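Me: I'd like a close look at just one part of this model. Could you take me through it slowly?
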Amino acid sequence: MTLREKGAALLRRPAFWLSVFALTALGLLPMGYLGQDHDDALYFLAAQSLREGRYCRWFLPGAPTITDFTPGFPAFLTPVAFLFPDNPMACQLWTGFALLA
């Protein structure tokens, strides 16, 4: 079998394409530190607020209501905030797995 035939056989394998897509998706995962893009920290804090049954900035004096964005994405992060309350990396991984799905 020539090298060209081996390459063609590799391209016909679904496992090859699955690994290519998985590695591409891993390269696109939101990695970095929390607050790098500013809004990711706000989403994490909003998820923690929803975990406590309210939608406010509990870390500011007077706990003002969050009006900058809708609670959709923080609600998506809330189950992870219940399981891992002080771990922002868990929320980043949860978002990354959702991107892979």
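What does Phe73 count as, going by its relative accessibility?

Reply: Phe73 counts as partly exposed, because its relative accessibility is 33%. Here, buried means under 20% relative accessible area, exposed means over 50%, and partly exposed is in between, using a 1.4 Å probe and protein chains only. Before we go on: this is a predicted model, where local features need pLDDT of at least 70, side-chain atom pairs count only at pLDDT 80 or more, and totals for chains, interfaces and linings use all residues. Residues are numbered from 1 along each chain as its sequence is written, and side-chain values use heavy atoms, leaving out hydrogens and water.

Now for the rings. Searching the whole structure turns up 5 aromatic pairs. Rings of Phe, Tyr and Trp (its six-membered ring) pair if their centres lie within 6.5 Å; planes under 30 degrees apart are stacked, over 60 edge-to-face, and the rest tilted. Tyr43 and Phe73 have ring centres 5.1 Å apart and planes at 80°, so they're edge-to-face. Since Tyr43 sits in helix α3 and Phe73 in helix α4, this pair ties together parts 30 residues apart in sequence. Helices are DSSP runs (H or I, at least four residues), numbered from the N terminus.

Phe73 also pairs with Phe76, and that pair is stacked: 6.0 Å centre to centre, with 25° between the planes. Both are in α4, and being 3 residues apart, they're separated by about one helical turn. Phe76 is partly exposed too, with a relative accessible area of 33%. Ring pairs link Tyr43, Phe69, Phe73, Phe76 and Trp94 into a cluster.

What about the helices themselves? α3 and α4 pack at an angle of about 70°, with axes 8 Å apart. Axes are lines fitted to C-alpha atoms, for helices over the stretch in contact, and angles run from 0 to 180 degrees between N-to-C directions. The two helices are therefore roughly perpendicular; that label covers 65 to 115 degrees, while under 35 is roughly parallel, over 145 roughly antiparallel, and the rest oblique.

Tyr43 and Phe73 both belong to the α3–α4 meeting, which also includes Ala47 in α3 and Leu77 in α4. Contact means heavy atoms within 4.5 Å. Finally, the residues of α4 (72-83) that are buried are Pro74, Leu77, Thr78, Val80 and Ala81, and what covers them includes α3 (39-51) and α5 (88-100).
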